[in-house]
Amino acid sequence: LTAARAASADEMWTEMAEAFGPIVMLLRTLGDEKAAAFRDELLQLFGEHETEDGVEISRPFVLIAGIRR
């Protein structure tokens with residue numbers, strides 16, 4: 001697991017909306033109303049992971065090891 005960390009839910013949103021490719025691309029395709037609804041949903045999610053130390057969300061990942069042929 002890795003973790004995404006930020007000082008607050010708002011900071012996490014800003015980081016994701018400006019630098020996390022899939023969310024950046026999604027926001028470009030949504031209209032203003034849907035983008036605002038998406039932002040509200042993510043802020044709620046991030047808020048559920050917020051403590052006095054900030055926001056931390058665990059992110060599982062798959063590591064693939066092999067030999068290129």
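In what order do the three strands of the open sheet lie? I started my notebook with that one, keeping in mind that this is a predicted model.

Entry: I traced the open sheet and got the order 1-3-2 for its three strands, with antiparallel pairing. Strand 1 (2–6) and strand 2 (50–51) sit at the edges, and each has a single partner strand, so one side of each is left without a neighbour in the sheet. A reminder to myself: strands of a sheet pair through backbone hydrogen bonds, either parallel or antiparallel.

**Entry: strands 2 and 3.** Next I looked up how strand 2 pairs with strand 3 (residues 54–59), and I found two bridges in the antiparallel sense. I picked Thr51 and looked for its bridge partner in strand 3, which turned out to be Gly54.

**Entry: helix 1 on the sheet.** Which strands does helix 1 touch? I checked residues 9–19, and this helix packs on the sheet, touching strand 1, strand 2 and strand 3. Its direction makes about 115 degrees with that of strand 1.

**Entry: helix 1 and helix 3.** I then turned to helix 3 (residues 32–48), whose axis comes within 9 Å of the axis of helix 1, and the two cross at roughly 130 degrees. That makes helix 1 oblique to helix 3. I noted the crossing as right-handed.

**Entry: who meets whom.** From helix 1 I listed Ala9, Asp10, Met12, Trp13 and Met16. They meet Phe38, Arg39, Leu42, Leu43, Phe46 and Gly47 in helix 3. Sorting the residues of this contact, I got eight nonpolar, one polar and two charged.

Conventions. Residues numbered from 1 in each chain as written. Predicted model: local features only at pLDDT ≥ 70, side-chain atom pairs only at ≥ 80, totals over all residues. Heavy atoms only, no water. Pairing = 2+ DSSP bridges. Helix = DSSP H or I, 4+ residues; strand = E, 2+ residues; numbered from the N terminus. Contact = heavy atoms within 4.5 Å. Axes fitted to C-alpha atoms, helices over the stretch in contact; angles between N-to-C directions. Parallel < 35°, antiparallel > 145°, perpendicular 65-115°, else oblique. Left-handed = near helix turned anticlockwise from the far one by under 90°. Nonpolar A, V, L, I, M, F, W, Y, C, P; charged D, E, K, R; others polar.
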